[in-house]
Amino acid sequence: MTIICGDCLEVMKTFPDNHFSCVCTDPPYGISFMGKDWDHGLPSQEYWKEMLRIVKPGSHLLAAGLPRTIHRLICTIEDSGWIIRDLFMHIFGSGFPKSHNYFGINGYGTALKPAWEGWSLAMKPCDGTFAQNAEKWGQAGINIDGCRILTDELKNYSPGLHRGSLNDDGWKGRDQLKKAPKGRWPANVIFDEEAARMLDEQTKEMRASKPSKTGTAYKASGAFPIRNDIPISHNDSGGASRFFYCAKASPSERNEGLEDLPLIRSGCERMNNSDGRKEEIGESNRMTLTKNHHPTVKPLKLMEYLIKLIMPPQNGILLDPFAGSGTTILAAKRLGFEAIGIEKQEEYCEIARKRLEHFDEQKPEEQLKLKLS
Ligand SMILES: C[S@@+](CC[C@H](N)C(=O)[O-])C[C@H]1O[C@@H](n2cnc3c(N)ncnc32)[C@H](O)[C@@H]1O
């Protein structure tokens, strides 16, 4: 079963040791988000220890968090035995300030406009070195080449034209192949389209310098040894957002496959005051009618990118213990990976199952189109 309805702590106890290949999850944030009871606290160490037990050594974990509480999330993950490897910033332009002024001082409020959320990247300790772990468990490291950022030279690259040639020194094909453009190295910053647009508006069009001989600039400066297949420049132009992955979201994706569910009012209804009372936020235009009424649905493209990064080459099974409306599991399916989601609220399980069934019902050609889109 792809979506299991239940408390993930109990469900995870039913899996054997070293079963899954990675975890990608968006757990509760611990801020009673939009007054939701499921968000009253962050998952304790018990949860992260159980995840650690059921993933293979060298597996990666990605867990989402909000600026207010992500420090606690990261410490809890680390204290549970995971090794913290990095922290992603997903920067977006669509946030709105959940600010109040019930204290009557003009021009003062209680909150900033949210413009980023974090993803903590952690790893289960390897069984020996990375190489020994790879040999024994078939996995180690993250998928750099699979997550490179597309550049103009890559878009215009034709392998036929760059096949290499025979000359006096012999066949040059392999050298040419080495120099084939690969795209930019993935960064720990990801944008959405609106944030990317705002950034490009600031930086305007910038042209990169001509590519230098791969690696030589760094090598000459003696800064540090560098793989000599990493080009210093990509000979392209555009705004500064082109250095980062940009996760495009379609407004309809959250509701696809949910046609026969009722429309439900969703949005920023209420939030907790500092004294714990629920308070109407008063931005009624933020309320929308939607079929997928989960309040924290992630963009599919973002999830696909993150999953690709941590899924090992021989695939395996991904786990999302806090699945919500099933976005992570749907993203994994669209990539052709096996995945299991756990969600404790029946209403969200139903939404998740319908989204996944809808994907399964598509013709193979349609599924392939989605995969390549
Ligand atoms: C932040 S939401 C995930 C939303 C998801 N990313 C999506 O796109 O729909 C976290 C989810 O974890 C669920 N949850 C909280 N505690 C849980 C537990 N102990 N076991 C399983 N699910 C839990 C909540 O019901 C909520 O749907």
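Reader: Why does Arg334 count as buried?

Author: Arg334 has 8% relative accessibility, and buried means under 20% relative accessible area, with exposed over 50% and partly exposed in between (1.4 Å probe, protein chains only). So 8% puts Arg334 in the buried class. A word on ground rules: this is a predicted model, where local features need pLDDT of at least 70, side-chain atom pairs count only at pLDDT 80 or more, and totals for chains, interfaces and linings use all residues. Residues are numbered from 1 along each chain as its sequence is written, and side-chain values use heavy atoms, with hydrogens and water left out.

Reader: What makes the contact of Arg334 and Glu304 a salt bridge?

Author: The term needs a side-chain nitrogen of Lys or Arg within 4 Å of a carboxyl oxygen of Asp or Glu. For Arg334 and Glu304, the N to O distance is 2.6 Å, so the pair qualifies. Arg334 sits in helix α10 (residues 327–334) and Glu304 in helix α9, so the bridge ties together parts that are 30 residues apart in sequence. Helices here are DSSP runs of H or I with at least four residues, strands are runs of E with at least two, and both are numbered from the N terminus. Glu304 is buried too, at a relative accessible area of 4%. Elsewhere, shared partners link the salt bridges of Asp17, Glu50 and Arg53 into one network.

Reader: How many salt bridges does the structure hold?

Author: There are 15 salt bridges in the structure. One of them joins Glu201 and Arg197, with the closest N and O atoms 2.7 Å apart. Both residues belong to helix α7 (residues 193–203), four residues apart, or about one turn of the helix. Asp127 and Lys136 make another, at 3.1 Å between the closest N and O atoms.

Reader: Why is the pair of Tyr245 and Tyr305 called stacked?

Author: Their ring centres lie 3.8 Å apart and their planes are at 5°, so the pair is stacked. Tyr245 is buried at 19% relative accessible area, and Tyr305 is buried at 5%. There is also one aromatic cluster made of Tyr47, Trp48 and Phe322.

Reader: What makes Lys98 lie over the face of Phe96?

Author: A charge sits over a ring if NZ of Lys or CZ of Arg is within 6 Å of the ring centre and within 35 degrees of the ring normal. Lys98 is 5.1 Å from the ring centre of Phe96 and lies over its face.

Reader: How do you know that β16 pairs with β2 and β17?

Author: Two strands pair if DSSP finds at least two bridges between them. Strand β2 (residues 20–25) and β16 have two bridges, in the parallel sense, with Cys22 opposite Leu318. β16 and strand β17 (residues 338–343) have four, also parallel, and Leu319 faces Ile340 there. Within β16 (residues 317–320), Ile317 and Leu319 point one way, Leu318 and Asp320 the other way, and all are buried.

Reader: Last one: why does Tyr108 count as exposed?

Author: Tyr108 has a relative accessible area of 55%, so it is exposed. Tyr108 is in the loop between β4 (83–91) and β5 (116–123).

Terms used: Rings of Phe, Tyr and Trp (its six-membered ring) pair if their centres lie within 6.5 Å; planes under 30 degrees apart count as stacked, over 60 as edge-to-face and the rest as tilted.
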